[in-house]
Amino acid sequence: MANETFHNERSWTESKAEFHVILLCSGVLILAAIIVAGNSLVIASVVTNRRLQTKTSAFITSLAVGDLTIGLVVIPLIVVSNTVGPTIRNGLQYCHVTISVTIMLMFNSVANLGAVTFDRFLAVVLPLRYKSVMTKRVIVPIIASVWVISSIFGFIPFMGWRRTITLPKQYSGLFCQVPLNLHPGFIITVCVAGLVPSVFILAAYIKIFQTARYHEARITAAINSVLHNQRVLKLYLIKETKAAKMVALVLGIFIFTWLPLFVIMIVNTATNNSVDPYVFAGGVIFATLNSALNPVIYASMNAEFRDTFKAFVTCHSKEQSNRVAPGAGVNAS
């Protein structure tokens with residue numbers, strides 16, 4: 001068995017990446033450029049525009065940093081693993097790191113979405129407690145916990161929960177394959193960690209929007225009394241509900257882009273690696289598309305993000321955008 005593994009490794013080391021693998025990686029690098037450009041705009045917009053420096057934007061920025069890392073780190077690692085990996089002795093180590101970082105950032109996205117959902121829940125369902133609960137002393141530890149826990153989760157295979165290294169067959173064309181590097185039990189755990197929290201987050205948004213409708217109906221009825229506080233509360237509710245809709249769409253896109261990969265992983269584990277490696281690779285690429293779509297969502301549903309993006313792209317002065325209007329916040333439109 002050891003001789004067979006050594007011979008297989010030697011054959012991979014002496015080979016070169018096939019043309020269609022190089023072509024696939026080239027396309028993925030284009031996607032990486034889009035991801036980096038879009039999420040860099042998000043981060044730069046929050047940093048430079050004071051109107052975007054809200055509590056919710058802190059979580060959005062954390063999510064954007066994770067997406068940016070996918071474009072800057074994960075996709076280049078995927079390319080290196082499948083093009084250069086077969087030609088070097090430590091190619092499998094690059095593959096293991098690639099898979100671990102990908103899992104880490106997947107869990108990071110779920111955790112960030114959970115954190116921003118908690119923020120939206122307090123803002124809409126418990127508006128009177130929002131400012132007192134969601135302070136900087138709470139937000140910073142939440143974001144730090146998201147990154148620490150997701151990092152630990154992603155690198156669990158390096159702590160021992162992994163299968164014996166199995167090199168792919170030469171004719172498969174792809175050197176770095178998830179099922180050959182992860183224990184089946186950990187693969188199922190990854191799927192559960194990605195899907196189950198998403199279900200609870202969706203349930204939370206149902207509650208958020210139900211509560212928003214209930215408050216809106218009560219406030220509309222009270223508006224006839226010409227109460228200033230009621231009008232202010234209605235404007236607050238409209239603003240926070242629009243922000244919740246934007247984040248809910250981000251969650252929906254996450255589920256849409258990652259679900260195929262989760263299904264592929266479950267089916268492949270249940271059928272003892274029967275899924276074609278290129279189908280698996282397609283699922284991974286489709287999942288990374290999520291990182292490119294989030295900035296588009298922010299720009300399409302939030303006027304402040306949209307205007308700041310335009311200012312960066314057209315190199316216009318952002319001085320006007322940086323002025324803080326009375327009562328200004330992140331207004332989605």
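**Reading the terms in this model**

Trainee: Why does Arg51 count as partly exposed?

Mentor: Arg51 has 23% relative accessibility. Buried means under 20% and exposed means over 50%, so at 23% Arg51 counts as partly exposed. Keep in mind that this is a predicted model.

Trainee: What makes the contact of Glu304 and Arg51 a salt bridge?

Mentor: Their side chains meet at 3.7 Å, N to O. The cut-off is a side-chain nitrogen of Lys or Arg within 4 Å of a carboxyl oxygen of Asp or Glu, so 3.7 Å qualifies. Glu304 lies in helix α10 and Arg51 in the loop between α2 and α3, so the pair ties together parts that are 253 residues apart in sequence.

Trainee: And why is Glu304 called buried?

Mentor: Glu304 has 11% relative accessibility, and the limit for buried is under 20%, so Glu304 counts as buried.

Trainee: How many salt bridges are there in the structure?

Mentor: There are two. Asp119 and Arg120 also form a salt bridge, with their closest N and O atoms 2.7 Å apart. Both of these residues are buried.

Trainee: Now the aromatic rings. What makes Tyr298 and Phe305 a stacked pair?

Mentor: The structure holds eight aromatic pairs. In the pair of Tyr298 and Phe305, the rings are 5.5 Å apart centre to centre, with 25° between the planes. Tyr298, at 2% relative accessibility, counts as buried, and so does Phe305, at 0%.

Trainee: How do you know that the buried residues of α6 line one face of the helix?

Mentor: They are Ile139, Ile143, Val146, Ser150, Phe153 and Gly154. Seen down the axis of α6, these buried residues fall within an arc of 105°, so they line one face. In general, an α-helix has 3.6 residues a turn, so residues three or four places apart point the same way. One of the α6 residues, Phe153, also forms an aromatic cluster with Phe107 and Phe186.

Notes:
Residues are numbered from 1 along each chain as its sequence is written. This is a predicted model: local features need pLDDT of at least 70, side-chain atom pairs count only at pLDDT 80 or more; totals for chains, interfaces and linings use all residues. Side-chain values use heavy atoms; hydrogens and water are left out. Buried means under 20% relative accessible area, exposed over 50%, partly exposed in between (1.4 Å probe, protein chains only). Helices (H or I, at least four residues) and strands (E, at least two) are DSSP runs, numbered from the N terminus. The arc is that of the directions from the helix axis to the C-beta atoms. Rings of Phe, Tyr and Trp (its six-membered ring) pair if their centres lie within 6.5 Å; planes under 30 degrees apart count as stacked, over 60 as edge-to-face and the rest as tilted.
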